[in-house]
Amino acid sequence: MANKVIVETNINGDPVELLCEPRQSLLEVLRDVLELTGSKEGCLTGDCGACTVVIDGRPVCSCLMLGVEATGKKITTIEGLAAGASLHVLQQKFLENASLQCGICTPGFLMSAKALLDRNPNPTEAEIRYSLAGNLCRCTGYDKIVRAVTDAAAAMAGRGRPAHGTVPSETASGMAGEMLAKGEVK
Ligand code: FES
Ligand code: FES
């Protein structure tokens with residue numbers, strides 16, 4: 001077994017020190033070392049976006065990055081999107097617009113959308129579609145996802161609810177709310 005290395009990073013606002021092998025991807029580190037299984041393993045080739053996390057404000061396919069490269073970075077995963085028991089407005093809008101079916105792609109879409117709205121709070125539909133072009137969905141046909149991001153942008157701009165709303169994750173459409181909060185798909 002390869003010698004493990006110490007990585008000091010920040011995940012979802014918390015300083016984290018971990019041991020990983022130099023060959024391990026960030027996705028493996030998140031899922032297998034830290035047990036943050038919300039980021040999904042799809043293609044492992046950077047094509048599907050299911051593994052997307054936000055690193056220093058940019059969406060990144062965690063399957064394409066080594067865990068050791070996380071040193072000194074600020075990483076947000078799907079587990080860091082909700083504020084405690086309240087879903088992020090993006091998660092609420094995905095629920096309201098029925099923007100998920102099997103849910104495998106959903107954590108990646110949410111993280112790409114978060115990165116977009118953080119840098120561009122009022123995107124056009126074309127900008128939303130462009131920003132989500134690296135995320136693939138087999139189920140929804142994309143329109144409901146785009147609608148959810150559009151609605152979230154409007155809400156965050158003050159034409160609706162604040163960024164963190166009042167719908168507790170455990171009661172927002174039951175299991176779907178839980179799934180959105182943790183990125184868990186059974
Ligand atoms: S699993 Fe990383 S892009 Fe598909
Ligand atoms: S909801 Fe099934 S792949 Fe997107």
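Predicted model: local features only at pLDDT ≥ 70, side-chain atom pairs only at ≥ 80, totals over all residues.
Which residue in strand 5 is the bridge partner of Ile 11? The partner is Ile 75.

**Overall make-up**

The chain holds 6 helices and 7 strands. Read from the N terminus, the elements follow the order β-β-α-β-β-β-β-α-α-α-α-β-α. The chain has 186 residues, and 44% of them are buried. Take the contacts between residues at least 6 apart in sequence: 65% of these link residues at least 24 apart.

Strands of a sheet can pair in a parallel or an antiparallel sense, through backbone hydrogen bonds. Strand 1 (residues 5–11) and strand 5 (residues 74–76) take the parallel sense, with 2 bridges between them. Ile 11 and Ile 75 are bridge partners here.

**Helices against the sheet**

Helix 1 covers residues 26–33. Leu 26, Leu 27, Glu 28, Val 29 and Leu 30 are buried in helix 1. Strand 2 is part of what covers these buried residues. After helix 1 comes Glu 35, with a positive phi near 60 degrees.

**Helix 2 and helix 5**

Helix 2 (residues 89–96) packs on helix 5 (residues 143–159). The angle is about 135 degrees, and the axes are 8 Å apart. Angles over 145 degrees would count as roughly antiparallel; helix 2 and helix 5 are therefore oblique to each other. Their crossing is right-handed.

The helix 2 side of the contact consists of Val 89, Leu 90, Lys 93 and Phe 94. Across from them in helix 5 stand Ala 148, Val 149, Asp 151, Ala 152, Ala 155 and Met 156. By class, this contact has 8 nonpolar residues, 2 charged residues and no polar ones.

**Angles in the model**

| Elements | Angle |
|---|---|
| Helix 2 and helix 5 | about 135 degrees |

Conventions:
Residues numbered from 1 in each chain as written. Chains lettered and ligands numbered in written order. Pairing = 2+ DSSP bridges. Helix = DSSP H or I, 4+ residues; strand = E, 2+ residues; numbered from the N terminus. Axes fitted to C-alpha atoms, helices over the stretch in contact; angles between N-to-C directions. Parallel < 35°, antiparallel > 145°, perpendicular 65-115°, else oblique. Left-handed = near helix turned anticlockwise from the far one by under 90°. Contact = placed C-beta atoms within 7 Å. Nonpolar A, V, L, I, M, F, W, Y, C, P; charged D, E, K, R; others polar. Buried ≥ 20, exposed ≤ 12 C-beta atoms within 10 Å, placed from the backbone.
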